[in-house]
Amino acid sequence: NIKLADGTDLSIVTGSAVLEVVGVRGHSGEDVTLDTTTGIITIGTGGIGNSNEINDVILSGPTKLTGNITTDATDGDVTVSGALTLLANSTINTAAGDGSIDLDSTVDGTYDLILTSGAGQIDIDGAIGAGTVLKSLTINAQNSETSSGKIILNNIGATGAGNGGVKAAGATKIGNAATTEIEFKGSIYNTEDTQTYTSKANTGSGLGSGTDGNGNFDVTVDATFMTSADDITFATGSIDLANAADLTVNTSNGNISIGNIRGTATASQVGEDVTLNAGTGTIAVANVGNSAAAEIGDIDYTATTITLSGGQYATADQNGAADADTGTFESTGITKISGDVTISTDVATGTNGTDEDGTIKFNGTGTIIGAGGTDNLTIASGKGVITFGSTIGVSAPLDGLVINSAGSSALTIPQIGDGT
């Protein structure tokens with residue numbers, strides 16, 4: 001190992017040569033800069049830093065990592081500006097001083113990667129596991145971790161079945177109950193095992209504050225989350241969809257669990273769409289859209305059982321002929337109502353008002369049942385057609401049912417209750 005004396009920073013710059021160090025140790029807050037123009041940086045089993053030794057670490061160039069990188073309690077940051085390849089299980093830890101972690105390119109390697117940053121921001125600009133699949137990925141999500149820093153992610157894996165960025169039996173865990181915000185700026189988050197995203201409980205008004213840093217999962221572009229028959233969970237926080245950013249979650253028969261989902265469309269914009277497909281798995285989702293603001297366009301759920309614990313508002317004003325696309329709600333599977341739930345495609349205001357009311361459809365033989373508590377269902381479609389595939393409240397009753405009390409759509413009502 002290279003041992004740095006007190007106050008002696010290390011800077012090594014090469015051209016095309018391999019820059020290889022077994023490890024670096026410091027005294028009390030020294031900086032480490034390794035820079036190669038066209039070569040490769042290799043960090044050996046000694047890693048960089050241990051406890052309160054090294055301050056900032058800058059690795060400029062493609063980097064192969066065998067050991068850990070640890071920074072001190074004085075805002076020690078880590079920046080890797082080239083592709084990062086894992087040659088062993090590795091941890092990058094800036095939590096002692098709430099330092100940032102910036103990985104400016106891709107991350108690959110068949111090993112475990114742990115990132116922990118305290119209140120420091122973590123930003124990964126390149127795809128994770130798109131070249132070589134990681135064994136597991138943990139970002140501010142170790143057991144009992146309380147790191148609060150914002151996390152920014154580009155893609156995980158690549159599009160298509162079998163192209164997951166984290167291998168089977170290797171979980172993806174990102175964030176914890178103190179994480180202020182997770183931003184998804186990529187288009188694909190594909191793993192071969194479970195995905196769990198956690199942020200702090202949303203404390204804003206309504207169904208989600210829409211305020212960055214307040215318990216949000218920010219989806220900035222059209223994004224697809226997918227697994228190979230494994231669960232995807234968004235815990236605690238609210239998903240906020242940027243303008244025109246549609247959300248698709250497809251687990252190939254794994255379970256899907258999501259809290260609130262909000263959009264940002266306004267009266268002159270097409271609403272964001274939400275598509276959740278769990279196949280033979282289950283879906284649990286709370287509020288989607290907003291009764292007080294037109295946000296979400298289409299809502300489409302497919303699962304064995306779909307549990308709704310909040311309102312479903314596909315009521316974004318689609319701006320008439322300019323963007324002729326009424327918001328719709330569609331559920332394929334048993335629809336279980338938990339608590340007070342309103343399903344609405346009734347566009348009460350906007351460019352063309354009720355002319356843009358969408359359809360509501362419960363497909364196939366999917367029944368509508370209660371969850372066993374005080375379960376009330378209100379369905380409102382205005383002029384939009386409502387289709388029921390099967391019975392309502394037969395195997396498990398509802399406490400209240402209201403269908404188009406102010407609407408004008410023709411209805412065919414199925415069997416309600418079991419007749420006893």
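The model on display is a predicted one. Ile416 has a relative accessibility of 48% and is therefore classed as partly exposed, since that class covers values between the 20% limit for buried residues and the 50% limit for exposed ones.

**The open sheet**

Next, display the strands of the open sheet, of which there are 11. Their order is β2-β4-β6-β9-β12-β15-β17-β19-β22-β25-β28, and the pairing is parallel. The two edges of this sheet are β2 (10–14) and β28 (261–262), each of which pairs on one side only.

Begin at the edge formed by β2 and select Val13, a residue of that strand. Is Val13 buried or exposed? Its relative accessible area is 59%, so Val13 is exposed; the threshold for this class is over 50%. Then pick Thr38 and draw a distance between the C-alpha atoms of Val13 and Thr38: the separation is 11 Å, for two residues that stand 25 residues apart along the chain.

Move to the other edge strand, β28. Its pairing with strand β25 (residues 238–241) is parallel and comprises 2 bridges. To see a point of pairing, select Ile239 together with Ile261 of β28, its bridge partner.

**A buried threonine**

Select strand β16 (residues 136–139) and, within that strand, Thr138. Thr138 has a relative accessibility of 9% and is buried for that reason, the limit being under 20%. Which residues does Thr138 touch, apart from those up to four places away in sequence? They are Leu113, Ile114, Leu115 and Lys173.

**The largest nonpolar core**

Finally, turn to the largest nonpolar core, which has 81 residues. Select Leu153, Phe184, Tyr197, Phe225 and Tyr301, the members that touch the most other members. The strand that gives the most to this core is β31 (residues 296–308), with 6 residues.

Centre the view on Tyr301 and show its contacts, leaving out neighbours within four places in sequence. Among them are the nonpolar residues Val274, Leu276, Ile283, Val285, Val288, Ile306, Leu308 and Phe329. Gln312, Glu330, Ser331 and Thr332 are also in contact with Tyr301.

Notes: Residues numbered from 1 in each chain as written. Predicted model: local features only at pLDDT ≥ 70, side-chain atom pairs only at ≥ 80, totals over all residues. Heavy atoms only, no water. Buried < 20%, exposed > 50% of the residue type's maximum accessible area, 1.4 Å probe, protein only. Pairing = 2+ DSSP bridges. Helix = DSSP H or I, 4+ residues; strand = E, 2+ residues; numbered from the N terminus. Contact = heavy atoms within 4.5 Å. Core = buried A, V, L, I, M, F, W, Y, C linked by side-chain atoms within 4.5 Å.
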